[in-house]
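Work through the exercises below with the model open. Try each task before reading its solution.

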Amino acid sequence: MPIIAITARRDGGLDGEALPAVTPEQRVTVMIHGYRYAPGTGDACPHRTLYALMPQRSGPRVVSWPRHLGLAHEGLGIGFGWQATGAIWRAYAAAGKAGDGLAGLVRTLRAQGSGPVDVVAHSLGARVALSALSGVAPGDIGRLVLMSAAEFAAPAAAALATPAGRAAGVLNVTSRENDLFDGLFELCLAAGLRGLGPTLGFGLAARNAVTVQIDSAAHRRVLAALGHRIEPPGRRICHWSAYLRPGLFPLYRAVLDGRLPLPVLQAALPADTAPRWSRLVLPLPPAPDVAH
């Protein structure tokens, strides 16, 4: 099935392709990009890159989300584009407004007969997804996979305290590889925003949310025991590892289709995560022996 392209306008309205008929049994997955993407802007257009079954350009951070999520052959995939360029504070505000558009899209899908809508979001796309929860009914959004979420603890907690938020299941995917980006995000927005807490890289304190730290050996051992082997990290700093690391998309598919229930994962994972900056201070590998 082709991937449906939808774009949120700055006024909260939506443009894009007509939605096909859906049934309650059909999986519907909305994909949401992060910062510095914008529909219709060449290489920065997510519909041509991340959301395309065959991306129109190659690059180290270009991978087909729908293909790896299995949406080429089953379910309905929707690429949700929004204007995420410009200054970070402007993009942060735009993400909240795009959440209104996402909520409208979800309401339309539900009115047309779909089951709960799942969401996969990266970076500031997580703010879009969480912002939508206040505009939908309980059960309208089923599961959310938040990859290296660029959002603060307080608004995330408020979103998950809504009726729709309490009914959803959330997988919060973190890594100490993202610490530099989390720190810069907090620093850039600190002047205008107060009392919002740290980013979700520290975890997400909600009954229905599970945080998995993909650069943690302990977390990866648990995932391997559950049938999901995740490759170890290869970098100290990376904002995109949550969708580039081999093994992660099969994990997300299992969470989204219910083969790996979030309560099972939550019960198996360690309760704590590594402290911030711990990856940056890891010792370097020993130098090879040199014969004398």
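**Exercise 1: Val119**

Val119 is buried, at a relative accessible area of 0% (buried means under 20%, exposed over 50%, partly exposed in between; 1.4 Å probe, protein chains only). This is a predicted model: local features need pLDDT of at least 70, side-chain atom pairs count only at pLDDT 80 or more, and totals for chains, interfaces and linings use all residues. Residues are numbered from 1 along each chain as its sequence is written, and side-chain values use heavy atoms, with hydrogens and water left out.

Task: find which residues Val119 touches, not counting those up to four places away in sequence.

Step 1. Locate Val119 in strand 5 (residues 117-122). Strands (E, at least two residues) are DSSP runs, numbered from the N terminus.

Step 2. List the contacts (heavy atoms within 4.5 Å): Val30, Ile32, Ala129, Ile141, Arg143, Leu144 and Val145.

**Exercise 2: strand 1**

Task: identify the strands that pair with strand 1 (residues 4-8).

Step 1. Apply the criterion: DSSP finds at least two bridges between paired strands.

Step 2. Strand 4 (residues 76-81) is parallel to strand 1, over four bridges. Thr7 has Gly81 as its bridge partner.

Step 3. Strand 2 (residues 14-16) runs antiparallel, with three bridges. Here Ala8 partners Leu14.

Step 4. Inspect the hairpin of strands 1 and 2: five residues lie between them, and Gly12 in the turn has a positive phi of about 95 degrees.

Step 5. Check burial: four of the five residues in strand 1 are buried.
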